[in-house]
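Dear colleague,

I am passing on the structure below, together with some notes on what turned up when I went through it. Please read the notes with the coordinates open beside you.

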Amino acid sequence: METATHHHVEVLARLKANLESCILGKSSEIELLLTAMLAGGHVLLEDVPGTGKTVLIKALARSIDGQFRRIQCNPDLLPSDITGVSIYHPKEEKFLFRSGPIMTNILLVDEINRATTKTQSALLEAMEEQHITVDGDIHELPSPFMMLATQNPIDFEGTYILPEAQLDRFMMKLSLGYPSEAAEKQMITSQSKVHPMEALQAIMDMSQVLAIQDQVRLVHMDEAVADYLVTITRKTREHQAVFLGASPRATLSLVLASKSFAFLHGRDYVIPDDIKYLAPYVLGHRMILHSEARMDGATVSSVLGAIFEQVRVPVRLEK
């Protein structure tokens, strides 16, 4: 790797350590979050309340010196509450656009499944196109833009299931889970006087994030590794237990995520293990199983496991 790239890898290691000081015992999940950010993807965090989802997202925004906005979803939330509105200005005799909270670098959409489907659809254009349309006018979002949405998996009253089209626009779906006993004890000590996030300093800025995102796209993926990746995504559509498999958008997401993960680990090339590790997080939420298969005990994890066993891993032979 070149010197500039080595510098970026060192900065990312410091960024990861910064986040780990706020969320204890979640190194793997933090690494996945950074992987999605560097790949330019959005993340869905599905977890029970109080596991540190909001703290982690705020810490990320502060660590990269980015703008942060939060939307608390509820059934009364309107699309204009997210995108903004055009207001008539009598003195200037024209409509002026007043932007909503979506005009930011890091957007936290809390309890996204509590918003109505109409309001959820207001996010689709922003997630895919990096811009919004209000009254026929296109407004570009700040760059970089990353949306992190949360939902509660056990609370069903007053919630709306996310449609497949919206789930497909999330690069990854993660779950923090409860901390280990040791981490929970350490949390009591570390937060007894002041919250660690109060002392959190910015490790990088937006220009560095954009520069690293450009570097990530240059990470090499060998043709054999690309074939391995494509075969896995195609197998999700052909498996007898699967009703809806991974889309071509999922294939592209897995490519970018694999390149980003490799970059985080100081490599300028993707290996099959990167793909195998990331596939459950990138493909899992995009797969819908037949009801009969679920009744027989099949899960997305078990189906992916079976697919990994069917697909031959490319091996490089050295002479």
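Which residues line the largest cavity? Before I answer, please keep in mind that this is a predicted model.

A search of the whole structure finds 1 cavity of 30 Å³ or more, and the volume of the largest cavity is about 60 Å³. Its lining is made up of Ala 36, Met 37, Gly 40, Gly 41, Ile 64, Asn 105, Ile 106, Pro 144, Phe 145, Met 146, Val 209 and Gln 213. H2 and H8 are the elements that give two or more residues to this lining.

H2 is mostly covered, since 10 of its 12 residues are buried, namely Glu 29, Ile 30, Glu 31, Leu 32, Leu 33, Leu 34, Thr 35, Ala 36, Met 37 and Leu 38. After H2 comes Gly 40, which has a positive phi, near 75 degrees.

Helix H5 (117–129), helix H8 (206–217) and H10 each supply at least two residues of the pocket lining, and H10 gives the most, with 4 residues.

Helix H11 (residues 272–283) reaches 15 Å from its first C-alpha to its last, close to the 16 Å expected for its 12 residues at 1.5 Å a residue. Its buried residues are Pro 272, Asp 274, Ile 275, Leu 278, Ala 279, Val 282 and Leu 283. They cover an arc of only 135 degrees around the axis, which puts them on the same side of H11. In general, an α-helix has 3.6 residues a turn, so residues three or four places apart point the same way.

Lastly, a word on the cysteines. With sulfur atoms required to lie within 2.5 Å of each other, the count of disulfides is 0. Cys 22 is buried, with a relative accessible area of 5%, and Cys 73 is buried too, with a relative accessible area of 4%.

With best wishes

Conventions
Residues are numbered from 1 along each chain as its sequence is written. This is a predicted model: local features need pLDDT of at least 70, side-chain atom pairs count only at pLDDT 80 or more; totals for chains, interfaces and linings use all residues. Side-chain values use heavy atoms; hydrogens and water are left out. The expected span of a helix is 1.5 Å times one less than its number of residues. Buried means under 20% relative accessible area, exposed over 50%, partly exposed in between (1.4 Å probe, protein chains only). The arc is that of the directions from the helix axis to the C-beta atoms. On a 1 Å grid over the protein atoms alone, a cavity is a set of points where a 1.4 Å probe fits but cannot get out, and a pocket is an open set with protein on both sides within 12 Å along at least five of seven lines; lining residues have an atom within 4 Å of a point. Grid points are joined across faces, edges and corners, and a volume is the space filled by probe spheres set on the points.
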